Amino acid sequence: MEYSIKKIAELACLDIDPVHYEEFAADFDEIVEMMSELPEYGCNDHIPEPMELRDDAAGNTGCAEELSKNAPEFVNGCFTVPRTVEY
Amino acid sequence: MLWEYTATELIGMLHRKECSGKEIINDVSIRANDVQPLYNSYITLRSAADTASDTICKADECMTLSGIPVAVKDNISTKGIRTTCASRMLSDYVPPYDAFAVERLRLAGAYIIGKTNMDEFAMGSASDTGFFGAVRNPLDMDYSAGGSSGGSAAAVAGGAAVLALGTDTGGSVRQPASLCGIAGFCPSYGAVSRYGLISFASSLDRIGFMGRSVSDLKLLYNIINVRDSQDVTNFSKKNSAEENADIKGLRIGIVKEFSAASADSDVTAAVNAGIKLMELSGAVIKSVSVPSVSLAVKAYYIISSAEAASNLARYDGVRYGHRAENFKDLRDMFVRSRSEGFGEEVKRRIMLGTFVLSEGYAESYYKRAMAVRRQLCTEFDEVFRECDIIAAPVYPCAGIRLGEKTSSVKRYAADIFTVPSSMAGLPAVSVPCGKNSKGLPIGLQLIGGRYHDDRLLEAAEIFEILRGDDYGRA
């Protein structure tokens, strides 16, 4: 099976600890092999019941301050991140 | 001691004025603090001395759960109380709102005694993948309490709570209930609002209930099973009008494919004895077939991992959650924060989900798994035309020894009895039915047709009465 664990980790925004990489990779391969044995079913008639959607309306939850307390860094009413634009 | 009673018994005692709500809360809180170093069932536990709160003051008011301490799994949001999902990622997270289920508990007068330990983000089956250490089984501390709702199960079994909320994605309420010798109920998908439940796999996640008797499960279910427009998958459809509560003529299906799956002999013997007991009381036993059961575990791990990869993409260290201290740039901050914040099992599931959704693999993994799920639903629909409930084991063995090294594939395969009904959104309950030679409890799983939750609970209660013995106390 042609896939790269390093590439998958990159897509998932994760680093795999190099000390345990071999063990992790072997385990991952075994799970992928287990999951590879699914047969191909054609379409059947099962139609899920439709969901009743609520209005997509903005509301004021009044908890902005509490939310901001969970942020790693919150300055002048903004969530901050490292600089993304070089100048 | 008051902590030894079921919620139903305690409510009766309160009505007869044999004890007060404050006495119950104090007694259970003292017990919970005493056993916490032994079982590690809580991540956040309110102090036994914390008697000045508003909730305690309401302990003797006449609400359904006044004076009843209820534990809440730590992936269910509680306003102002830290909610960690047993992850370093959320180790300091304090939700600004209550989950709908918690709001219902508070309205019913319940005392939220604490937040229970679990597998990280509910991914695991032994409550040993979390950041706060493993949960020990109160019946034998060399063994796990099961997972992922192991803390809730251990708290109820060990007298550290009277009732508990857990969550069940592939068996996470039923399995720990079975391993700890208590009752655990996973309602139909959609029967209970998921608003405020921190998502693992949204199409499978359900809030479930734990107690020392089936009547306690009914009590909790009736309080929380209320329509909530905040969860679009919440559906108030009920089929209670034609529910048959009589054991005579109750049609119990035995799934051939479950019988073919390997379970320990003591588990099979206890489950078969439970089924025989119902047959002798007038139930009709039928052999039925759900061929796709053998594919359910594989499809489940594809679908749940895919949804986990998507749901957990939100943890990037920006708005909440762990942020790494040292990083080069924004991308590096994401990678380091996620790599430091998540444990090994969570990383494995995110990676699996990323893989099955990636270009070139989604057709042969994710789409096939979804087709298996639809096929499984169709097969269960057919079976429930012939029978009222299905009886099966919960878990292939009676105990999971703590620290035992097992491959991921083996651990996942052990979910064979719980995952099929999870995939089909069916209600299922675990009721203690026996013990193995070491005294570890074994659960009987009863599965109902979709939205036939009331009938299922009635059948479970009848079984509990027929069984007679009291398994619900550590």
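In this predicted model, chain A contains three helices and two strands, arranged from the N terminus in the order α-α-α-β-β. Along the principal axes, the C-alpha atoms of chain A fill a box of roughly 50 × 50 × 30 Å. Buried positions make up 10% of the 87 residues of chain A.

The contact between the two chains involves 36 residues of chain A and 46 residues of chain B. On the side of chain A that touches chain B, the elements giving two or more residues are α1 (5–11), α2 (21–35) and α3 (64–69) of chain A. Of these, α2(A) gives the most, with seven residues. The model as a whole has an ipTM of 0.91 and a pTM of 0.95. For chain B, the average pLDDT is 94, and 94% of the residues score at least 70.

Chain B contains an open sheet of eleven strands with mixed pairing, in the order β1-β3-β2-β6-β8-β7-β12-β13-β11-β9-β10. The edges of this sheet are formed by β1 (42–45) and β10 (284–288) of chain B; each has a single partner strand, so one side of each is left without a neighbour in the sheet. Neighbouring strands of the sheet are turned by 30° against each other on average, direction ignored.

At one end of the strand order, β1(B) is joined by three bridges to β3 (residues 111–116) of chain B, and the two strands run antiparallel. Within this pairing, T44(B) has K115(B) in β3(B) as its bridge partner. On the other hand, β2(B) and β3(B) run parallel and are joined by five bridges. Here P69(B) is the residue of β2(B) whose bridge partner in β3(B) is Y111(B).

Strand β2 (residues 69–73) of chain B has five of its five residues buried, so the strand is largely enclosed by the rest of the structure. The burial extends to both faces: P69(B), A71(B) and K73(B) point one way from β2(B), V70(B) and V72(B) point the other way, and all are buried.

One of these residues, V70(B), also belongs to the largest nonpolar core, which has 169 residues; V70(B), A161(B) and L446(B) touch the most other members of this core. Helix α10 (residues 293–311) of chain B gives the most to the core, with twelve residues. When neighbours within four places in sequence are left aside, A161(B) is in contact with P69(B), V70(B) and A71(B), among others.

P441(B) and C397(B) are separated by 44 residues in sequence, and their C-alpha atoms lie 9.7 Å apart in space.

Several loops of chain B show particular backbone geometry. The peptide bond joining G147(B) and S148(B) is cis, with omega of about 10°. S148(B) is placed in the loop between β5 (140–144) and α5 (150–157) of chain B.

Positive phi values occur at two residues that are not glycine, K17(B) and N40(B). For K17(B), phi is about 60°, and the residue lies in the loop between α1 (7–15) and α2 (21–39) of chain B. For N40(B), phi is about 55°, and the residue is found in the loop between α2 and β1 of chain B.

Technical notes: Residues numbered from 1 in each chain as written. Chains lettered and ligands numbered in written order. Predicted model: local features only at pLDDT ≥ 70, side-chain atom pairs only at ≥ 80, totals over all residues. pLDDT = per-residue confidence, 0-100. Pairing = 2+ DSSP bridges. Helix = DSSP H or I, 4+ residues; strand = E, 2+ residues; numbered from the N terminus. Axes fitted to C-alpha atoms, helices over the stretch in contact; angles between N-to-C directions. Core = buried A, V, L, I, M, F, W, Y, C linked by C-beta atoms within 7 Å. Buried ≥ 20, exposed ≤ 12 C-beta atoms within 10 Å, placed from the backbone. Contact = placed C-beta atoms within 7 Å.
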